Amino acid sequence: MTTTARLPRALMPFGSGQYRLLTAALAASLLSAGAWIVAAVWQVVELGGTPIDLSFVAVGSSLGLVLAVLFGGVAADRIPQRRILLMVEVVRGAGFSVATFLAITGVVEVWHLAVISFVLGLADGFFYPAYSAWLPALLPEQQLLAANGIEGVLRPTAMNAAGPAVASALIAVQGPWLAFAVVAGLQVVAAAVLGVMRTTAVRREIDGPSVHPVRQTFIDLRDGFSYLLRTRWLFATLVFSILLVFVIMGPVEVLLPFAVKDQTGGGAGAFALALAAFGVGGAIGSLAVASMRLPRRYLTLMILAWGFGGLPLAIIGFTSWLWVMVAALFICGLLFSGASVVWGTLLQRRVPPSMLGRVSSLDFFVSLALMPISMAVAGPVGEWIGIAPAFLIAGLVSPLLAIGTLAFARLGRDELAHPLDATVDTEPVTGAGAAAGFEPPVDEVPRSDGGMRADSEAG
């Protein structure tokens, strides 16, 4: 306790030995994921691929994620999360090893990469719900914002900066196959670290009559969707997220490599630098948020940061200067990751522990449901209207979505009624039970049938 008390606010979670191990495993996993992105992209380019081919590979990953993430949430609420994370790392390591073998033997094709990406997406669908549900079991509540900030630093630093930089260096030395081999080795490290951690009990009492596992899975999914639909702050934010992801993810994931190559004349190193700018911005934004208290208007500021964080994308298609792309992506990363730290903490603080895995999976599912479509259409749209108009649309629509969400959802009353910073001297309107999710939020009232309805329906 003394050591923890001496640590800065943003570093307090490192006082826990189990958290330090989890962070080491996460860092290795994110580093391999970032290296894979660049290695897979340049393997497609070396095969003579087009934006449509790259869309094909990107869709495989996002489609696997969307298909698996709901079941990953159910698993996270019923199976010890360490076991889930360990299995995920093993599967990812196997996928990278297959890619290495295919590339070394010279038989790799675009469809091979798409299939491997699909399997990796399936594994990722189980990773995020398990990680999110496990974190509150390892740390006290007051350290969750800092822990999410640390993840927010690691994710862009390792995935968007260090990983791509390592991959580009390895590609320059030998080719994509060497990068594939290194990321497979990193997965071994991640699995080994998780293997020495201790298993914690699932924070949920499994009671009631025995039900067939398949039926129980869909009952759990139904309960998760029910919670989502009756909780206004959660529903409104996820509707906004699904639209935002559709608008921006296709251009960023599919068109950015070709914007870098065609407009600036850059290669794998220039593309890695662009991704690194997003990562460095994200790390700074996450660290800044982790070092402060939760804002009073946490919902409003979070949605505005996400929306206006997409605005710099508008300039990417119109510049031939790499440094302009780097600056734009830096600002995007700064705002996106800062807002994501608030969002992760919000879920862990206001969602009941027994449902956190499912709600985290629904967060991924609903937010990313249109990602495969966004990636699938980005290539054809980029060839049809051009890369510049595609990025312009993405950049201008993003802030409009944020403003529209705040205008229609009216989340101000809810965030004022449920302050998440213990130092705020404001009495919650509906009490701590509502803030934790066990009672209706301020904008919901009981129905006569025992369900919930929004206050706009009352009277």
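Author: Start with a definition. A helix axis here is a line fitted to C-alpha atoms over the stretch in contact, and angles run from 0 to 180 degrees between N-to-C directions. The model is predicted.

Now take helix α6 (residues 144–173) and α7. They pack at an angle of about 135°, and their axes lie 7 Å apart. The crossing of α6 past α7 is right-handed.

Which residues meet? From α6 come Ala 167, Leu 170, Ile 171 and Val 173. From α7 come Pro 176, Leu 178, Ala 179 and Val 182.

A pair of aromatic rings is described by the distance of the centres and the angle of the planes. The whole structure holds 10 aromatic pairs. One of them joins Trp 36 and Phe 180. Their centres are 5.2 Å apart, with 40° between the planes, and the pair is tilted. Phe 180 sits in helix α7 (residues 176–196), while Trp 36 sits in helix α2 (residues 17–46). The two are 144 residues apart, so the pair links distant parts of the chain.

Trp 36 has 9%, so Trp 36 is buried. Phe 180 has 0%, so Phe 180 is buried too.

Methods. Residues are numbered from 1 along each chain as its sequence is written. This is a predicted model: local features need pLDDT of at least 70, side-chain atom pairs count only at pLDDT 80 or more; totals for chains, interfaces and linings use all residues. Side-chain values use heavy atoms; hydrogens and water are left out. Rings of Phe, Tyr and Trp (its six-membered ring) pair if their centres lie within 6.5 Å; planes under 30 degrees apart count as stacked, over 60 as edge-to-face and the rest as tilted. Helices (H or I, at least four residues) and strands (E, at least two) are DSSP runs, numbered from the N terminus. Buried means under 20% relative accessible area, exposed over 50%, partly exposed in between (1.4 Å probe, protein chains only). A crossing is left-handed if the near helix is turned anticlockwise from the far one by less than a right angle, and right-handed if clockwise. Contact means heavy atoms within 4.5 Å.
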